[in-house]
Amino acid sequence: MKKLLTMAAALFMMGAVQAQELANFNFGGRKQIVSPEIKGDSVTFRLNANYATQVQLFGNWMPYGQTIDLKKGNDGIWETTIKAPYAEIYTYNFFVDGVSVNDPQNFMVQRDGTRYLNMLFVPGERSSVYNESSKRGTVEQRWYDSKSLGINRRMTVYLPYGYEKSKEKYPVLYLLHGGGGDEEAWSSMGRAAQILDNLIEQGKAKPMIIVMPNGNPNQQAASTLGLETTTLDTRSPENANAYVKSLVNEIIPFIEKNYRAIPKKASRAIAGLSMGGGHTTSATILFPNAFDYICPMSCGIRESDHLDADLQGIKKAGYKLYWIGCGEDDFAMPGTKILDAALTRNGMEHTLFTSDGGHEWKNWRLYLQTFAQLLFK
């Protein structure tokens, strides 16, 4: 009997290992290394690539096109140590003999469109809100039918800690991604859930629902699902603002029906980066009675003969916050200055928040943690 139990246990263990695919394990093969390794104010990158003739590092904290050479050790492991950039989340990859390669020792990755990139998480005051808090909300993916776009679509929804046990109703932030992104961008690259979890736990932000839709009207969901896209031509006049109209006429009613969301203008905020910033300005111009909190980021606006009239519509409807964020080196800064000037000449109170850097996630994460503390107060 004891022998049978031993055999059964062994078979169970083999089954468990097989379930995780033996090919993914390292049984006495390549030397196990640590990469990246942060010690004090330095970070070391390593890659086991004995076959390579050249290995280079590129990180998004470097000027575009600049790389750092790794040196090969006698054990075939390439290595370089650099001064750690300031506290933030960065992405990086290796170039092995000219071919882009991810760091196989780093399990932290994020998807940017069709690219998967390793993450370098440098701890510090600025990045502290990107860590997991002790009271974590729920992030779920929700499908809904869009009659106007003719497809079943997916969005990401963040529910604050305690939502499931509470009977309370919550205000809602509609948080929009940029070009090339999808409904996963803000929860993955933007760390939206972690930022709000920390701010709410610290009493710096009101508990709120965050809705992160897919801003590509021809997509059912993120391209990683392999679902077919439609042939919707967004440049055609009859499809102008198709997504923005769906956002206000379909997504908002869906959220307010299926979640404990406060169905009032005073309890709705809209914010977006780049393309999503354009969607933010368009939505508030087309539907001035939908949102009391307006936060476009890295987008700006163009001068036109109807811009003042558009903004006067928002002014007449009333709002509680108009907050604009843009990096000093962002190519969207000229358009941001146009929007800032237009709001000023129309007598519309607003905040222009500028930061260093350009069109990048380190700024958009900073903007979210900044304006989130101003919402619904």
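1. A residue is called buried when its relative accessible area is under 20%, exposed when that area is over 50%, and partly exposed in between, with a 1.4 Å probe and protein chains only. By this scale Asp97, at 38% relative accessibility, counts as partly exposed. Please keep in mind that this is a predicted model, in which local features need pLDDT of at least 70 and side-chain atom pairs count only at pLDDT 80 or more, while totals for chains, interfaces and linings use all residues. Residues are numbered from 1 along each chain as its sequence is written, and side-chain values use heavy atoms, with hydrogens and water left out.

2. The backbone deserves a careful look at a few places. Most residues other than glycine have a negative phi, and most peptide bonds are trans. Asp97, although it is not a glycine, has a positive phi of about 50°, and it lies in the loop between strand S7 (88–96) and strand S8 (99–101); helices (H or I, at least four residues) and strands (E, at least two) are DSSP runs, numbered from the N terminus. Asn241, also not a glycine, has a positive phi of about 60° and lies in the loop between strand S14 (209–212) and helix H4 (242–258), where it counts as partly exposed at 32% relative accessibility.

3. Which peptide bond is cis, with omega near -5°? The bond in question runs from Ser35 to Pro36, and Pro36 lies in the loop between helix H1 (2–19) and strand S1 (37–39).

4. The loop between S14 and H4 also holds Gly215, which is buried, with a relative accessible area of 4%. Although Gly215 and Leu176 are 39 residues apart in sequence, their C-alpha atoms are 7.0 Å apart in space. Leaving aside neighbours within four places in sequence, Gly215 is in contact (heavy atoms within 4.5 Å) with His177, Tyr243, Met275 and His279.

5. A pair of aromatic rings is described by the distance of the centres and the angle of the planes. Rings of Phe, Tyr and Trp (its six-membered ring) pair if their centres lie within 6.5 Å, and planes under 30 degrees apart count as stacked, over 60 as edge-to-face and the rest as tilted. A search of the whole structure finds 18 aromatic pairs. One of them joins Trp361 and Trp364 edge-to-face, at 5.3 Å centre to centre and with 85° between the planes. Both residues lie in helix H8 (residues 361–371), three residues apart, about one turn of the helix; Trp361 is buried at 14% relative accessible area, and Trp364 is buried at 5%. Elsewhere, ring pairs link Phe45, Trp61, Tyr86, Tyr90, Tyr92 and Phe94 into a cluster.

6. Charges over rings should be noted too, where NZ of Lys or CZ of Arg is within 6 Å of the ring centre and within 35 degrees of the ring normal. Arg260 lies over the face of Tyr163, at 4.1 Å from the ring centre, and the charged end of Arg365 sits over the ring of Tyr130, 5.5 Å from its centre.

7. Finally, Leu307, Asp308 and Leu311 in H6 meet Ala342, Leu343 and Arg345 in H7. By class, this contact of H6 with H7 has four nonpolar, no polar and two charged residues, where Ala, Val, Leu, Ile, Met, Phe, Trp, Tyr, Cys and Pro count as nonpolar, Asp, Glu, Lys and Arg as charged, and the others, Gly among them, as polar.
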